[in-house]
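Subject: Structure handover and notes

Hello,

Please find the structure below, with my notes after it.

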Amino acid sequence: MARKPIFLSFHYNNDVMRVQQIRNIGALEGNEPVSVNAWEEVKRKGKASIEEWIDENMKYRRCVVVLIGEETASRPWVKYEIEKAWNDGKPLFGIYIHNLKCPRNGKSKKGLNPFDNLTFKDGRKLSSVVKCYDPDPYDAYNGIANNMESWVDAAIAQWK
């Protein structure tokens, strides 16, 4: 499987253990997790510092993947990352990860589609053009592992 340089957008507090499972699949390039201490340092400096960190880390990625957990759609930085990706013309899609088992609290409830929160001037929602995948609830990990590369490739091809 070719490794793809992508940016992962997700709700850290709820989903970091699920996201780590996805990182371990090996389809991702250069998406190293930020340490809690480093992220706290960025956050302490305020909104402009967070935006700069996101902008810099998204800059050379070929695609943005929103990993959708129970509360992802309500997270302001996820919304910022989606808007930035769209405005920068980055390929973009979502994957529901609520059925990945977290070692701390198992599976979670399916979250709302975060692409429903952004609306075009004509009233259509971003979700009308951005695909979200919802892997088989009985084997979500393998559903993601077996399809991640093709989902990234499809998103990239759609944006060409």
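In these notes, buried means under 20% relative accessible area, exposed means over 50%, and partly exposed lies in between, computed with a 1.4 Å probe on protein chains only.

This is a predicted model: local features need pLDDT of at least 70 and side-chain atom pairs count only at pLDDT 80 or more, while totals for chains, interfaces and linings use all residues. Residues are numbered from 1 along each chain as its sequence is written, and side-chain values use heavy atoms, with hydrogens and water left out.

Salt bridges

A salt bridge here is a side-chain nitrogen of Lys or Arg within 4 Å of a carboxyl oxygen of Asp or Glu. Searching the whole structure gives 9 of them. Some are described here.

Lys47 and Glu51 are joined by a salt bridge, at 4.0 Å from N to O. Both residues belong to helix α3 (residues 47-58), where they sit 4 residues apart, about one turn of the helix. Helices are DSSP runs of H or I with at least four residues, strands are runs of E with at least two, and both are numbered from the N terminus. Glu51 has a relative accessible area of 22%, so it is partly exposed. Lys47, at 57%, is exposed.

Lys84 and Asp88 form another salt bridge, with 2.5 Å between N and O. Lys84 counts as buried because its relative accessibility is 17%. Asp88 is partly exposed, at 43%. Within it, the closest N and O atoms of Lys45 and Glu41 are 3.9 Å apart. Lys45 is exposed at 58% relative accessibility, whereas Glu41 is partly exposed at 36%.

His98

Where does His98 lie? His98 is in the loop between β4 (92-96) and β5 (132-133). With a relative accessible area of 6%, His98 is buried. Its side chain makes a polar contact of 3.1 Å with the side chain of Asn99. A polar contact is a pair of N or O atoms within 3.5 Å; within protein, one must be able to donate a hydrogen and the other to accept it, and residues adjacent in sequence count only if both atoms are side-chain atoms.

Contact means heavy atoms within 4.5 Å. Apart from neighbours within four places in sequence, His98 is in contact with Arg18, Ile68, Lys107, Ser108, Lys109, Lys110 and Asp134.

Regards
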